[in-house]
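Please keep the sequence and the model in view while reading.

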Amino acid sequence: MKKIKNVTCIGAGYVGGPSMSVFAENCPNINFTIVDKDEKKINAWNGDVDNLPIYEPGLKEIIKKTRNKNLFFSNDIDNAIINSDIIFIAVNTPTLKEGPGAGFGADLKYIISCAEHIAKIAKSDKIIVEKSTVPIKTAEKLNEIFSKNNSSVHFEILSNPEFLAEGTAIQDLRSPDRVLIGGNKSKSGQNAVSVLVEIYSKWITKEKIITTNLWSSELSKLASNAMLAQRISSINSLSAICDATGADIKEVSNAIGLDHRIGRYFLNPSVGFGGSCFQKDILNLVYLCRTYGLDEVAEYWYQVVKMNNYQRSRFSNKIIQKLGQDLTNKKITLFGWSFKKDTNDSRESASIFVAIELLSRGAKINVYDPQTSNEIIYNDIKEYSSNYSNIIDNIKYVNDPYKATEQSSCVGILTEWDEFKSLDWKEIKKTMVNEKFIIDGRYILKDKIEEKITYL
Ligand code: NAD
Ligand code: UDX
């Protein structure tokens, strides 16, 4: 088997950064170079470990140990490609904004441009690993690009989807439930699979490394995310029934989850799932189903996203019901901007949609979150609201939870940061005015404090 010396990862984001860090930590004899077209991001990865582009518990400690030893961050994409034996592609695959499949299918333009660039630059055989989440049969598309643009080099494509969750990425990468590697059944395909298995087995037991054909691997990633998101939408749908009837969703969730056939994970009711993956991957699955004429299957999965949208609006509607349709001059504080605790990522966070709804009714919003900033909040609102210029002056970040709630009629909890549980809620109430309405969309204060709290 070929001895691997140099590995490149294209994409220094939430997947590329943490995953290659853990590779570097466990494979001291291999050099890992992470490249990105975003120069600012690479500079930040090479800068102060307290200001890395990604906040992820445990990450900066690994960066301190490995950076410039066997882990490198670079803008020199061409050299990294030329020198590497294996290239991971970990670029973003967002939902298509226009053209056929708009609003559902995955936009593969970043993956395709990586493949075209690799084909142009590569002078020796490479193993290309799809780390990004991609639709089924993407490997076929990549193969076409490689054979069309560079027939003198052999490119062997593997699918190795990433299952890390943000906030627990390092733990997930060090000790994953499984590693999935899909490859061609050909001799060269199976050789490439063995090479990647060998690398992972430096820290993961062989039983946890499963190998499949390419299409099963590509589909399993979409299917995993769809199944996880489906559980959240299911529990959130039940929270609406609880709200209407007086049953307690936390009690129901506990009772359901104790059945070992169901299990207790991903049964936490919430303001709806956020993050860059769930919605995008389910929409992609819906698109795939429609492409294959499986309309009933498509509709089944689409319902998971619809339920998520319903849950977000249930949260803003509760505030509107209490404070009135016209929120002009009402001050509201949102606790939590990131899509879950322990990350600075706010992509698709429920907070964005709740904030836009309340702002459009004239509310003034303060946001407190341990990992956000005005810059992040403004960018998020800009991305999702066509009314940006009219509403943006009415929302701001306040870097102190007690100051953030001053003069507010309502405090809404949208992210389950541990810090929120230990705040002095009696003190917070004192800073508030009028209705003093606290709504907990994460059920984190349940049984923790005596204050009267509204739940979803
Ligand atoms: P990200 O947006 O954080 O990072 C992607 C990076 O790729 C960006 O820095 C971008 O500048 C760079 N990039 C794009 N095109 C490039 C090109 N042609 N050359 C060089 N750099 C380029 O995205 P992410 O969250 O890391 O997700 C990456 C992929 O992994 C997606 O397909 C996603 O679905 C999947 N995934 C994400 C997570 C997660 O928790 N974020 C988990 C599992 C899988
Ligand atoms: C998800 C998948 O879990 C991971 O395997 C995949 O690789 C990437 O997508 P991530 O989006 O980072 O990871 O976080 P996850 O923990 O799955 O949470 C997603 C959203 O669901 C968050 O908004 C979270 O708060 C919400 N959630 C999660 C719930 O509302 N209830 C739950 O019980 C669990």
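## What counts as a salt bridge

A salt bridge is taken here as a side-chain nitrogen of Lys or Arg lying within 4 Å of a carboxyl oxygen of Asp or Glu. The model is predicted, and under that rule the count between domain 1 and domain 2 is 1 salt bridge.

The protein is divided into domain 1, covering 6–212, and domain 2, covering 223–455. Taken over C-alpha atoms, the centres of domain 1 and domain 2 are separated by 32 Å. To the contact, domain 1 gives 25 residues and domain 2 gives 21 residues.

Between domain 1 and domain 2 an area of about 1,700 Å² is buried, with carbon and sulfur atoms giving 52% of it. Of the area that domain 1 buries against domain 2, 41% is supplied by Tyr 55, Phe 104 and Glu 166, which is more than any other three residues supply. Polar contact is also found across the interface of domain 1 and domain 2, in 8 residue pairs with both residues at pLDDT 80 or more. The side of domain 1 that touches domain 2 has, by class, 14 nonpolar, 7 polar and 4 charged residues.

## The surroundings of ligand 1

There are 27 residues around ligand 1, and those that come nearest are Asp 36, Lys 41, Thr 93, Glu 166 and Lys 280. In the side chain of Lys 280, an N or O atom is 2.6 Å from an oxygen atom of ligand 1.

The backbone takes part as well: a polar backbone atom of Val 15 is 2.8 Å from an oxygen atom of ligand 1, while a polar backbone atom of Lys 37 is 3.2 Å from a nitrogen atom of ligand 1. Ligand 1 exposes 840 Å² when taken alone, and the protein buries 92% of that.

Backbone atoms of several residues lie by oxygen atoms of ligand 2: the distance is 2.9 Å for a backbone N or O atom of Phe 163, 3.4 Å for a polar backbone atom of Leu 267 and 2.7 Å for a backbone N or O atom of Phe 339. On its own, ligand 2 has 650 Å² of accessible area, and the protein covers 92% of it.

How values were computed:
Residues numbered from 1 in each chain as written. Chains lettered and ligands numbered in written order. Predicted model: local features only at pLDDT ≥ 70, side-chain atom pairs only at ≥ 80, totals over all residues. Heavy atoms only, no water. Domains from an automatic or database assignment. Contact = heavy atoms within 4.5 Å. Buried area = accessible area lost by both parts, 1.4 Å probe. Polar contact = N/O pair within 3.5 Å; in protein donor to acceptor, adjacent residues only side chain to side chain. Nonpolar A, V, L, I, M, F, W, Y, C, P; charged D, E, K, R; others polar. Near = heavy atom within 4 Å. Areas by Shrake-Rupley, 256 points an atom, 1.4 Å probe, with all protein chains shown as cover.
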